[in-house]
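Dear colleague,

Please find the structure below, handed over for your records. My notes on it follow directly after.

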Amino acid sequence: MFRPHIQKTWVVLVVAIFSIIMVYFALANITYQETVGFQNKITASKIMEEALSVLKKEVKNIYPDEPILKDIDPNLTGLIFNRPHSPMTTFSGDLESKQTVLKPNFAALIVHLFTEAELESGDTIAVSMTGSLPGANLAFLAACDAFDITPVILSSVGSSAWGANRENFTWIDIESLLFKNDLIKHKSQGVSIGGENDSGENLTDEGIEIIEETILSNN
């Protein structure tokens, strides 16, 4: 019976050896080229990672009886707050967005956006933050520190569901803790209640009172 050369054992063996040699040659000749801002991205990610580690310990200290649930907080940060009926909750929130921004690499993305915006070390920029996305706030501050950018920050304390809506662990509580421990270089220079029209119109009187007390206690 006719048997094509390609089916012969010695031909297959030669092809296999040739393929292995070519793979080895390709792997041995890989070159890496750093993209613009690469080192700043690494630095920002590390800053955010350290901040998340400190905050997780704090959450466990304050709420020792509340487990961190992997199904709602897949990175086990402790910063996705399952308090839908908190008096500080402003709106319903998107859980997936809260999860996405709580990854250290999100800080690297912010650095990338800074680079695209042609920002330079030493620049000053303005930003509005919200208690709804503490992860995004952390990523932004980490990127500013890595990039040596000075942010002028206005924060709202109220939070949508799954955000920083715990009464004694709001965004400005988180920010103050990190600032006092030299984990971030900048903090809010102005603070608002948040919520509807940024004045708490959709919050209860209790929620507004808690927020005002929190603002005062954080100076």
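Thr 77 lies in the loop between helix H2 (38-62) and helix H3 (95-100); helices (H or I, at least four residues) and strands (E, at least two) are DSSP runs, numbered from the N terminus. Thr 77 has a relative accessible area of 5% and is therefore buried, where buried means under 20% relative accessible area, exposed over 50% and partly exposed in between (1.4 Å probe, protein chains only). Leaving aside residues up to four places away in sequence, Thr 77 touches Lys 56, Ile 68 and Leu 102; a contact means heavy atoms within 4.5 Å.

Please note that this is a predicted model, in which local features need pLDDT of at least 70 and side-chain atom pairs count only at pLDDT 80 or more, while totals for chains, interfaces and linings use all residues. Residues are numbered from 1 along each chain as its sequence is written, and side-chain values use heavy atoms, with hydrogens and water left out.

As to the overall architecture, the protein chain contains 7 helices and 3 strands. Along the sequence they follow the pattern α-α-α-α-β-α-β-α-β-α. The radius of gyration of the protein chain is 25 Å, well over the 17 Å that the globule rule gives for 219 residues, so the chain is more spread out than a compact globule. This radius is taken over C-alpha atoms, and the globule rule is 2.2 Å times the number of residues to the power 0.38. Along the principal axes, the C-alpha atoms of the protein chain fill a box of roughly 90 × 45 × 30 Å. Of the 219 residues, 42% count as buried. Among contacts in the protein chain with a separation of 6 or more, 76% are accounted for by residues 24 or more positions apart.

Helix H5 (residues 134-147) has 14 residues and reaches 20 Å from its first C-alpha to its last, close to the 20 Å expected at 1.5 Å a residue; the expected span is 1.5 Å times one less than the number of residues. Because 14 of the 14 residues of H5 are buried, this helix is largely enclosed by the rest of the structure. Just after H5, Asp 148 takes a positive phi of about 60°.

Finally, I turn to helix H1. Leu 27 is placed in helix H1 (residues 9-28) and, at 60% relative accessibility, counts as exposed.

Yours sincerely
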